[in-house]
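Please read them with the structure open.

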Amino acid sequence: ANGVARNGRVSFVRPNNPAARATSAQRAAPLALFGRGEKKPKRKTVILTGASSGLGLATLRSLMDTDEWHVICGVRDPEKMQSIIDEEGYPRDSYTIIPLELKSLDSVKAFVKKFRGTGRTLDVLCCNAAIYLPNQPKPSFGDYGYEESLSVNHLSHFLLCNLMIQDLKKSKEPRCIIVGSITGNTNTVGGGAVRPFADLGSMKGLETKSVMVDGKDYDGAKAYKDSKLANMMTVLELHRRYNESTGIVFSSLYPGCIAETALFRQKRGWFRTIFPLFMKYVTGGYVSEEEAGDRLAEVITSPKCNKSGVYWSWNGGARTTGVYNPVKKEVQGAGGSGGELFENMPSAEVRNERKGKKLWELSQKAVGLQSNPTHAAPRPQVAVYLTPLPSFFTSTCSNPRPSSLLGQTCSKPLAA
C-alpha cells in the first residue's frame, strides 16, 4: 500500500516537503466527512522509540506515508516531537506521543502504563533509540547505576520488551524488533576490522555492576558496540523463549551505515564531513536516513519479514568492501544503498546460546525482573491425578484443563 517496488523491495512514496504532507492529510478529511469512498480500515499500532530524530524520524515518515499505522512515539522530548508532527502535518489519529527516558527504569514503567491507558492493541514494538559516546573520557550512568550506553541501548529496551510481551500477544500478527548493527558483529568489516571489537567477555562487569560489561576499563566506542551485540543476542533469546508459545515474531536488522545521523554528534567536524564520503565512495556501506527509514519500516510492515529469529540486511553481508556493479549502477555487497532484503548471518558471538542465556539472566537482575521459566517453552501436555482413577482415565490428556471430577485435569474420559 502506498509503496513502489525498488530493487526487489518495497520503498515508500514520500511527498517531497512538509507542506505536501499537510495538504494530503487535509485533502483526505472531507472525503471521510461526506462518506465518499470506502471506510478506512483501523490503523495498526507500533511503538517506536527514538522517533524524533535520525533513523527513528525517517521510519516515522515512512510509516506515515502508508496511512495505515498509528505510531506511539516514545521520546525524551515530547514538545520537540509535537513540533515536528505539527510541521509535517500528520493527522491526529496517526500518532500518540508518550515521554520515554531510557536512562530511567521508572520512565520505562511509566511509559508502559501510559500506553496501556490508550486502550490500543499493540501490533509491533520497535526498539530503535540509541546513544553513541565515543569521545567521552569518563563514563556517565543511567539512573539505576549502569553505564549510560548499556542502560539506554540495551537494559531499558530489554525491560520494555519483557513488559510488553503480554500486550503483543493480543495482536493477530505481533512483532518485536530491536535495531542491530554491524559494529556488534565481528564477522563484518565494521565490526571485525575496526577496533575496539564488541566483546562481552565473561560478563563479569554486568554481574558486579562495573562500568563495562566485560569488567575492563571504560571505552565509549566499545560500550556502544557491546550494547548492540547485547541487542542482537537479546532478540535471539527472546525468539528461543517466547516465539513458539506466543506467536510473536522477534527480529533484528542492520539498516546500513547512516553516516550523517546525529548518532555521530560527538565526533569532530572533519570526521562528520569525511565519513559519509568515505562510506559512499570507498566502502560502499552508505545509506541515507530516508532509505534506512524505509528499510526499518519494511521490517515493521512487510509480510516477507514475518519470520522470527532473523537478522535482516540489504545489499550484502558487509563482510567486505563493496564492488561496483555497472549493470545496476550501484555498489554491492557492503550493506549500503540499494540491493534486496535478505536473511543475514550474525556473528558466532551473537548466536552463542550459552552466553545469550547468561546475558538474559544478568539483564533480568539488572532491571529488577524475576525469572519466569514458564514462558521459556509451551506448557507440556500432561495429566495430573489427585486420586486413583479407573483405567480408562490413565491416558495423557491432549487438552488439559481443570475438571470437577475427582480433581483430575482431563475434562472427559479418554479412549483406553
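1. A residue is called buried when its relative accessible area is under 20%, exposed when it is over 50%, and partly exposed in between (1.4 Å probe, protein chains only). By that rule G54, L55, G56, L57, A58, T59, L60, S62, L63, M64, D65 and T66 of α2 are buried. Helices (H or I, at least four residues) and strands (E, at least two) are DSSP runs, numbered from the N terminus.

2. The model is predicted: local features need pLDDT of at least 70 and side-chain atom pairs count only at pLDDT 80 or more, while totals for chains, interfaces and linings use all residues. Residues are numbered from 1 along each chain as its sequence is written, and side-chain values use heavy atoms, with hydrogens and water left out.

3. Helix α2 (residues 54-66) is largely enclosed by the rest of the structure, because 12 of its 13 residues are buried. Its length also agrees with expectation: at 1.5 Å a residue the 13 residues should span 18 Å, and the end C-alpha atoms are 19 Å apart. The expected span is 1.5 Å times one less than the number of residues. Just after α2, D67 has a positive phi of about 60°.

4. Eight-stranded sheet. An open sheet of 8 strands runs in the order β5-β4-β3-β6-β7-β8-β9-β12, with mixed pairing. Two strands pair if DSSP finds at least two bridges between them. At the edges stand β5 (95-99) and β12 (341-344), each with a single partner strand, so one side of each lacks a neighbour in the sheet. The twist averages 25° from one strand to the next, with axes taken as lines fitted to C-alpha atoms (for helices over the stretch in contact) and angles running from 0 to 180 degrees between N-to-C directions.

5. What covers the two faces of β9, and how is this strand paired? V310, W312 and W314 on one side and Y311 and S313 on the other are all buried, and 5 of the 5 residues of β9 are buried. Strand β8 (residues 249-253) pairs with β9 in the parallel sense over 3 bridges, and S251 stands opposite V310. With β12 the pairing is antiparallel, through 4 bridges; N344 in β12 is the bridge partner of Y311.

6. How many cavities of 30 Å³ or more does a search of the whole structure find? The search finds 2. On a 1 Å grid over the protein atoms alone, a cavity is a set of points where a 1.4 Å probe fits but cannot get out, and lining residues have an atom within 4 Å of a point. Grid points are joined across faces, edges and corners, and a volume is the space filled by probe spheres set on the points.

7. The largest cavity has a volume of about 50 Å³. Its lining consists of M232, V235, L236, S252, G309, V310, Y311, P346 and V350. The elements giving two or more residues to this lining are α8 (220-246) and β9 (310-314), and α8 gives the most, with 3 residues. The lining divides into 7 nonpolar, 2 polar and no charged residues. Here Ala, Val, Leu, Ile, Met, Phe, Trp, Tyr, Cys and Pro count as nonpolar, Asp, Glu, Lys and Arg as charged, and the others, Gly among them, as polar.

8. The second largest cavity has a volume of about 40 Å³. E147, L150, V211, M212, V213, A223, D226 and S227 line it, with the largest share, 3 residues, coming from α8. This lining has 5 nonpolar, 1 polar and 2 charged residues.

Definitions and conventions: 1 Å grid on protein atoms, 1.4 Å probe; cavity = no way out; pocket = protein on both sides within 12 Å on 5 of 7 lines; lining within 4 Å.
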